[in-house]
Amino acid sequence: QVQLVETGGASVQTGESLRLSCVVSVYSSNAYYLTFSITWFRQAPGKEREGVAGIELRTDFPYYADSVKGRFTTSQEKAKSTVFLQINALTPEDTAMYYCAAGRYVADRLGRTEYNFWGQGTQVTVSS
């Protein structure tokens, strides 16, 4: 069983930064925990949910959608089982509900269908 809880969403102005957090609870061994990839998705009103960034828990390997490279950064604090998404230079186009999701041995890291476990989301709203 895996549970994810996102926090950190807020209403901000264009150009500001936010750091989102995702606490990952895996009710099993640490070795099992480290088999997961944690990916951040976002969904804007009327649009499909898209994968934007993530991290491999065992290796710390980050991955990003081309559209966010240079502005988004993922990281983790293993001691707190928390994955972070740092978003810089926010624009109104970043306005969305942001979700973290967990999956094992995923083939398409940014593919929505690869993930079985999802958090409830945290809202990011950027005004101009």
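## Cores, strands and rings

The largest nonpolar core here brings together 30 residues, and Leu4, Val24, Ile38, Trp40, Leu85 and Tyr98 are the ones with the most contacts inside it. Seen by strand, β1, β3, β4 (36–43), β5 (50–56), β8 (82–87), β9 (96–104) and β11 (122–127) each put in at least two residues. Strand β3 gives the largest share, 5 residues. Another core, of 5 residues, lies apart from this one, with Tyr63, Ala101, Val106 and Tyr115 among its members. Keep in mind that this is a predicted model.

β1 pairs with β3 (residues 18–26) in the antiparallel sense, over 6 bridges, and Val2 stands opposite Val26 of β3.

On to the aromatics: the structure holds 5 aromatic pairs. Here are two of them, described by ring geometry.

| Pair | Centre to centre | Angle between planes | Type |
|---|---|---|---|
| Phe36 and Phe117 | 6.3 Å | 65° | edge-to-face |
| Phe41 and Trp118 | 4.8 Å | 50° | tilted |

What do these pairs tie together? Phe36 sits in β4 and Phe117 in β10 (residues 117–118), so their pair links parts that are 81 residues apart in sequence. Phe41 is in β4 and Trp118 in β10, so this pair ties together parts 77 residues apart in sequence.

How about burial? Phe36 has 1% relative accessibility, so it counts as buried, while Phe117, at 24%, counts as partly exposed. Phe41, at 0% relative accessibility, counts as buried, and Trp118, at 26%, counts as partly exposed.

Phe41 and Trp118 also belong to one aromatic cluster together with Tyr99 and Tyr115. Trp118 has a charged neighbour too: the charged end of Arg49 sits over its ring, 4.9 Å from the centre. Elsewhere, the charged end of Arg19 sits over the ring of Phe84, 4.0 Å from its centre.

The Thr35 side chain makes a polar contact of 2.8 Å with the side chain of Arg104. Leaving out residues up to four places away in sequence, Thr35 touches Gly103, Arg104 and Tyr105.

Technical notes: Residues are numbered from 1 along each chain as its sequence is written. This is a predicted model: local features need pLDDT of at least 70, side-chain atom pairs count only at pLDDT 80 or more; totals for chains, interfaces and linings use all residues. Side-chain values use heavy atoms; hydrogens and water are left out. Two strands pair if DSSP finds at least two bridges between them. Helices (H or I, at least four residues) and strands (E, at least two) are DSSP runs, numbered from the N terminus. A nonpolar core is a set of buried Ala, Val, Leu, Ile, Met, Phe, Trp, Tyr and Cys residues joined through side-chain atoms within 4.5 Å. Buried means under 20% relative accessible area, exposed over 50%, partly exposed in between (1.4 Å probe, protein chains only). A polar contact is a pair of N or O atoms within 3.5 Å; within protein, one must be able to donate a hydrogen and the other to accept it, and residues adjacent in sequence count only if both atoms are side-chain atoms. Contact means heavy atoms within 4.5 Å. Rings of Phe, Tyr and Trp (its six-membered ring) pair if their centres lie within 6.5 Å; planes under 30 degrees apart count as stacked, over 60 as edge-to-face and the rest as tilted. A charge sits over a ring if NZ of Lys or CZ of Arg is within 6 Å of the ring centre and within 35 degrees of the ring normal.
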